[in-house]
Amino acid sequence: NLWSGGLTSSISISMWERRTLLLFYICALSYFALSSAQLKFDVAPIRGGLRLTHNTDLLAILTFKIYDAVPFLHELRVLIDWTVTATSLNFFMWMKLEDAHHSLYKTTCDMKGRRELSPAQRRPLYEKALQGCLLLSALFLLIVGPIIYFSTFSMFLSPNPIISGSLHVTLSVQHPSGGKSFLELYRSDQAHVHDCLGRQAATKFAVQYPDHISNPDGFTVQDVQFPVDADSFWLVSTSLRSQVAQQMQDSASLSSLSFRYEFDGNASARAAIGSVVVPLDIQQSATFAQVLNASAPTTGITVQLVGAVAPDLIWESGGVLYSLGRPRTLEMSITSSTGTAFPQWQLAAPCALVEMAAPDFAQRRPHSPTIAPPLATQVATSRAQASCQAKAGRCSVSFRVASEKVTPNAGTVSSASSVGSLVGVYITVVYAIGKFLRMVFLDSSKKIPYDELEDTAMLLDMCNGIYLARRAGDLDKEYELYYELIRIYRSPELLVQVSRPRGGRPSLGASQALPAPLLTCPAQRTSGSACDANLSMLPSISTEGL
């Protein structure tokens, strides 16, 4: 009926013309028919608690395990249910009931799995493979895997060749008062990075430094050369140069040159950094002061630095850069570039010293002649052609760097913190998983009375009775059944009696009969003992329980 403006009109709608209305009508009739059948045969819901515990098939078991493993999910569900439900149990009593119900469900699934095999039958091979072999493999990978992955014998190691480098030379003057002045003289990126002859160069490097390289296959040897001229002009104000020169002329001041070299690898996120401090004597300090004191930088003055830097370097996988070999002599001078009056510092090494050290290097030029003089002369000639400046009679500064193979993404942190963090994470993860595995089997013997229940039907029925009483609003019955369940759990003899297999189902034990001490009380006992009270309660539990 529709009402409009005080008039009532009737409109008929046929449900056969509307499928949605027809579907709703069929569902309503089905609901009423099923409800009538439940009332006729006295069929009512007999289960409560978590719906995942209503079935023991594989899908339900896996879903329950996932639910049980998710943190805070069970606690939040129970807390919400207790908050919005009228009950006579406090929150801790409710939690005990839920825990008992879940424990009984796990025991039911365990006993179902045990009954798939006959008593005393040998465990199948697939169970050994799925549980034993997989667990052993997982533990082996957990304990040994990280060690193998980050070791020098790992198959995941990748070469870490140098792709770029830089060299900085800074003049440092320490005042008698404790302060320091710094003045950068030379700065340049690499001019060339020459790859040596693979394993031959690495083997020669390992023979020369056996204490540092034990496996030549794990290293890449390269020759990194820096230009003689700095990358930029030396544009420093006259006042600053005069101030530093006066400080160097003070006999109480300590002057030194700091060499800082930096190399970037192809497989490392962080560069390897090394530094060497070369103290200056009185004569060298006076020479630098003469250059700095001039109104215009004096060209043609050369300072010789004996034993400045080592020719060979080792870049280990941990990010540490070691200097090896006898330190060589370097020369520093200042000059003006052709066509400009701007000064520029130069850093070079005498070619004679490089040629003397040439036998320590392997041949690096693929286009070198195959028929040549002896190896020492051949290598010296090749190196002189590659590095030396014929006009000046000086060679560019170069470093022979042996870089060790690294794991992928290595070097994301500094070497010291990298080792510390890796060791810390490894110990933490292994210890946490080890503690978790131990907790799974810890005190298993104390759980025998509650985990070894062959038939949990009666205990599950009692839990469901508590749920149904709560649903029906009968809080007195809920409270009474809860304490009846607690009383059974507190008595091991009652647990044995209520968990005996029923319905002709055989026992899982070797004997079909239970031991006598669990069925009868001792012969010598006093009247009214706890044993009499427990035994007298059994009939009421079996007949009146639910």
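The expected span of a helix is taken as 1.5 Å times one less than its number of residues. In this predicted model, helix 13, formed by residues 457–472, comprises 16 residues and extends 22 Å from its first C-alpha to its last, which is close to the 22 Å expected at 1.5 Å a residue. The buried residues of helix 13 are Leu 459, Leu 460, Met 462, Cys 463, Asn 464, Gly 465, Ile 466, Tyr 467, Ala 469 and Arg 470, and the elements that cover these buried residues include helix 4 (91–114), helix 14 (475–489) and helix 15 (492–498). Just after helix 13, Gly 473 adopts a positive phi of about 85°.

Strand 10 (residues 312–315) and strand 11 (residues 321–324) run antiparallel and are joined by four bridges, with Asp 312 standing opposite Leu 324 of strand 11. The two strands form a hairpin in which five residues lie between strand 10 and strand 11, and Gly 319, located in the turn, has a positive phi of about 100°.

Positive phi values also occur in residues other than glycine. Phe 72, which is not a glycine, has a positive phi of about 70° and is found in the loop between helix 2 (58–69) and helix 3 (73–84); with a relative accessible area of 61%, Phe 72 is exposed, the cut-off for this class being over 50%. Asp 443, likewise a residue other than glycine, has a positive phi near 55° and is found in the loop that lies between helix 11 (415–441) and helix 12 (448–451), where Asp 443 counts as partly exposed because its relative accessibility is 38%.

Methods: Residues numbered from 1 in each chain as written. Predicted model: local features only at pLDDT ≥ 70, side-chain atom pairs only at ≥ 80, totals over all residues. Heavy atoms only, no water. Buried < 20%, exposed > 50% of the residue type's maximum accessible area, 1.4 Å probe, protein only. Contact = heavy atoms within 4.5 Å. Pairing = 2+ DSSP bridges.
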